[in-house]
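Please look through the sequence and the structure below. The briefing that follows takes the features by topic.

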Amino acid sequence: MHPWIEPQLVWKNGVVLHKDQTRAEVIEHYNQREIRVRVTGSRKKELLAVVTHELTKIHQSYERLQYDTLVPCNCEKKCRNSQTPYSYPLETLREFLDDREYLIQCQKSRQMVDVRRLIDDVLSQEIETEEKYHLRPDRPPTPAESLQRELEQAREKSLNRQARQSSMTETTTRDLVLISYSHKDKKWFDDLKTHLEPLVRGQNLKIWEDTQIRPGAIWRDEIEKALAAAKVAVLLVSPTFLSSKFINQNELPVLLDAAKTEGVHILWVPLQASNYKATAIEKYQAVYPTDRPLKQITAAKRDTAWVEVCSNITTAMSR
Ligand SMILES: [Zn+2]
């Protein structure tokens, strides 16, 4: 049993974790098919991030497990101190952000709630996966990452294992494919990812996806790390992609600058007819003919197109 688990507080469907005056209660509600996590105490954001990170790892080890992340409402009228607050699917909150809709209505109190603050509650303390972490080992860890590391150390001790050699000494090689897309085109990103999977496995290629939902400072830090390890940046271009303020003000300038100064190859895929000619993307060659955008061709042709895109990525990676 993990040393942070309170032995008297383990029951069939749940567990209480206790660390530095902070408690997390993790309960599986089997009938509702959900896991509820509640945290209290001084380091609750960090502990929540650690629990979420661990749950994500568990989810990812069951490939076909579908899951949604629900974010509890924080409205003052009803939910803030409630045991049963209203909850929003994280996916929906992301869509709101994409559309620059910053208010969402609580269905219990009818109060309007700030979407950014809801997301901030769950995401401001993201934890790097190990894969991402070794990209820039000199960066100081966030509080959540420190806690995550403490958890891992405690776990190792309790298992009486030798401390793992940290990956910090590894040198950074450019083996990363950075993929940028509008959240509305997520389905298309998933298609590409599926097609890339054999290359990820066979050629040790890594994918970094920019979901653009992190608060600015964290995003900036992460993209810098990603760029330091990226060899290829793939842009999934659609009108939504081009109209996104975030993409245009933050992401594109950073990517195109890295293309100039660090030799990151820019490959862009036309998903839909768009006014790309009015943007800086114009200067870069599309990896698939712009008069045959992927959303306009048949599914069979689209697979061929994705294979072609993948082969372009492989070529760019080996350059
Ligand atoms: Zn509410």
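Arginine 110 lies in the loop between β7 and β8 (112-114); helices (H or I, at least four residues) and strands (E, at least two) are DSSP runs, numbered from the N terminus. This is a predicted model, in which local features need pLDDT of at least 70 and side-chain atom pairs count only at pLDDT 80 or more, while totals for chains, interfaces and linings use all residues. Residues are numbered from 1 along each chain as its sequence is written.

- The phi of arginine 110 is near 65°, a positive value in a residue other than glycine.
- Arginine 110 is exposed, because 10 other C-beta atoms lie within 10 Å; a residue is buried if 20 or more other C-beta atoms lie within 10 Å of its own, exposed if 12 or fewer, and partly exposed in between, with C-beta atoms placed from the backbone.
- Arginine 100 is found in the loop between α2 (90-98) and β7 (103-105).
- Arginine 100 has a phi near 55°, a positive value in a residue other than glycine.
- With 10 other C-beta atoms within 10 Å, arginine 100 is exposed.

**The chain overall**

- The protein chain has 10 helices and 12 strands.
- Of its 319 residues, 28% count as buried.
- Among contacts in the protein chain with a separation of 6 or more, 58% come from residues 24 or more positions apart; two residues are in contact if their C-beta atoms, placed from the backbone, lie within 7 Å.

**The parallel sheet**

- An open sheet is formed by 4 strands in the order β10-β9-β11-β12, with parallel pairing; two strands pair if DSSP finds at least two bridges between them.
- At the edges are β10 (206-210) and β12, each of which pairs on one side only.
- On average, neighbouring strands of this sheet are turned by 20° against each other, direction ignored.
- Strands of a sheet pair through backbone hydrogen bonds, either parallel or antiparallel.

**Strand β9**

- 5 of the 5 residues of β9 are buried, so this strand is largely enclosed by the rest of the structure.
- Leu176, Leu178 and Ser180 point one way from β9, while Val177 and Ile179 point the other way.
- β9 and β10 run parallel and are joined by 5 bridges; serine 180 stands opposite aspartate 210 in β10.
- β9 and β11 also run parallel, joined by 5 bridges; isoleucine 179 has valine 234 in β11 as its bridge partner.

**Helices on the sheet**

- α6 lies across β9, β10 and β11 and runs at about 165° to β10; axes are lines fitted to C-alpha atoms, for helices over the stretch in contact, and angles run from 0 to 180 degrees between N-to-C directions.
- α9 packs on the sheet and touches β9, β10, β11 and β12, its direction making about 135° with that of β12.
- Threonine 194 is in helix α6; this residue counts as exposed because it has 11 C-beta neighbours inside 10 Å.
- The C-alpha atoms of threonine 194 and tryptophan 306 are separated by 9.6 Å, although the two residues are 112 residues apart along the chain.

**Helix α9**

- The 17 residues of α9 (residues 245-261) should span 24 Å at 1.5 Å a residue, and its end C-alpha atoms are 24 Å apart, which agrees; the expected span is 1.5 Å times one less than the number of residues.
- At glutamate 251 in α9 there is a kink of about 40°, shortly before proline 253; the bend at a residue is the angle between axes fitted to the seven residues ending there and the seven starting there.
- The buried residues in α9 include Ile247, Glu251, Leu252, Leu255 and Ala258.
- After α9 comes glycine 263, with a positive phi near 70°.

**Nonpolar cores**

- The largest nonpolar core has 43 residues, and Val234, Leu236 and Val269 have the most contacts inside it; such a core is a set of buried Ala, Val, Leu, Ile, Met, Phe, Trp, Tyr and Cys residues joined through C-beta atoms within 7 Å.
- Elements that give two or more residues to this core include β9 (176-180), α7 (216-229), β11 (230-237) and α10 (299-318).
- β11 provides the largest share of this core, 7 residues.
- Another core, of 12 residues, lies apart from it, and Tyr86, Leu93, Val115 and Ile119 are among its members.
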